[in-house]
Amino acid sequence: MRRKSALVVPVGYGWHDHACWFHTGIEAWREMLVLFFSEGAVRRERLLYISDRSEDELAEDLSLLPARDELLSSGHLQLWSSSAVHGATDEPTVLAQAARMRQAADDAVAAGYRCLRLAVDAALPIRDSADAAHFVHSEMVFDEVAARSPVLLLCGYDGRYVDQSASAALAFVHPMRQRAVFGPGCALYADSENAHSWRLQGELDLASREVLEIALNALPVHGDVHLRLDGLSFIDVSGTHALARLAERIAPHRLVLHDPPTALSRIVEVSHDAFPSLRRVAAAL
């Protein structure tokens with residue numbers, strides 16, 4: 001079972017953790033990076049920092065990291081510039097990045113490290129829901145890696161250039177995030193125990209309608225989609241309709257609901273005629 005939490009600082013991490021961190025500029029981000037990587041160095045985790053700037057600039061971000069140069073020379077700390085794919089959110093590029101992350105985690109364990117501790121700096125502005133949808137999809141693909149590989153992941157965003165609704169949508173698909181951005185109760189994230197399976201949690205009502213729709217539209221589909229709903233305490237009619245639209249989108253694959261709340265099960269049972277796409281929802285009790 002993965003942890004979900006609100007963060008004050010990005011430390012206290014374990015395997016499969018995936019956190020979203022909104023900062024206020026490069027100095028604030030550097031401060032968080034040093035805290036994040038210092039913990040990993042003590043725990044004998046391989047450290048990897050990815051950004052679209054040059055490797056020299058990445059090294060400068062970590063100038064206050066204790067023993068930075070020794071960590072770099074030994075391979076304990078690695079720096080990857082993603083400038084070659086700057087701004088790319090197309091499916092082949094995202095999948096290639098995810099595969100590279102997965103391989104880096106496997107390589108870290110093979111080299112004797114406990115796991116891979118990865119920080120990614122997303123430098124692009126996110127101005128509206130269309131921009132948010134692309135980044136949310138990328139984050140959900142990367143969350144599948146975090147959930148099922150020996151990796152823990154910190155995603156940094158410059159909050160000055162991220163639209164407020166986009167911030168909420170990005171936080172919604174991270175099991176760990178800052179409380180000030182979006183509360184810890186509502187989330188959609190990859191299940192660590194079952195492939196092609198996701199956990200939908202919290203109270204989903206009018207306040208969370210937009211972020212739920214963005215997340216469901218961005219959900220990676222590899223076949224039947226399984227939603228684990230044992231942590232879902234409430235979902236309103238608009239949320240149920242959003243599930244119906246997801247079922248329509250992924251057809252002919254099925255949307256399978258595991259442990260749905262009683263009210264949701266009843267809606268699925270009685271709404272087949274009014275909402276034909278709900279016929280593709282299998283309520284697995």
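Trainee: How should I read the packing of two helices, and at what angle do H5 and H7 pack?

Mentor: Two packed helices are described by the angle between their axes and by the distance between those axes. In this predicted model, helix H5, residues 129-148, and helix H7, residues 209-218, pack at an angle of about 55 degrees, and their axes are 9 Å apart. H5 and H7 are therefore oblique to each other, and their crossing is right-handed.

Trainee: Which residues in H5 and H7 meet?

Mentor: From H5 come Ser129, Ala133, Val136, His137 and Met140, and these meet Glu210, Ile214, Ala215 and Ala218 in H7.

Trainee: How many residues of helix H6 are buried?

Mentor: Helix H6, which spans residues 164-172, is mostly covered, with 7 of its 9 residues buried. Those buried residues are Ala166, Ser167, Ala168, Ala169, Leu170, Ala171 and Phe172.

Trainee: How is a pair of aromatic rings read, and how many aromatic pairs does the whole structure hold?

Mentor: A pair of aromatic rings is described by the distance of the centres and the angle of the planes. A search of the whole structure finds 4 aromatic pairs. For Phe36 and Phe37, the ring centres are 5.3 Å apart and the planes stand at 55 degrees, so this pair is tilted.

Trainee: Are Phe36 and Phe37 buried or exposed?

Mentor: Both Phe36 and Phe37 are buried. Elsewhere to look, Phe22, Phe135 and Tyr157 are linked by ring pairs into a cluster.

Notes:
Residues numbered from 1 in each chain as written. Predicted model: local features only at pLDDT ≥ 70, side-chain atom pairs only at ≥ 80, totals over all residues. Heavy atoms only, no water. Buried < 20%, exposed > 50% of the residue type's maximum accessible area, 1.4 Å probe, protein only. Helix = DSSP H or I, 4+ residues; strand = E, 2+ residues; numbered from the N terminus. Axes fitted to C-alpha atoms, helices over the stretch in contact; angles between N-to-C directions. Parallel < 35°, antiparallel > 145°, perpendicular 65-115°, else oblique. Left-handed = near helix turned anticlockwise from the far one by under 90°. Contact = heavy atoms within 4.5 Å. Phe/Tyr/Trp six-rings, centres within 6.5 Å; stacked < 30°, edge-to-face > 60°.
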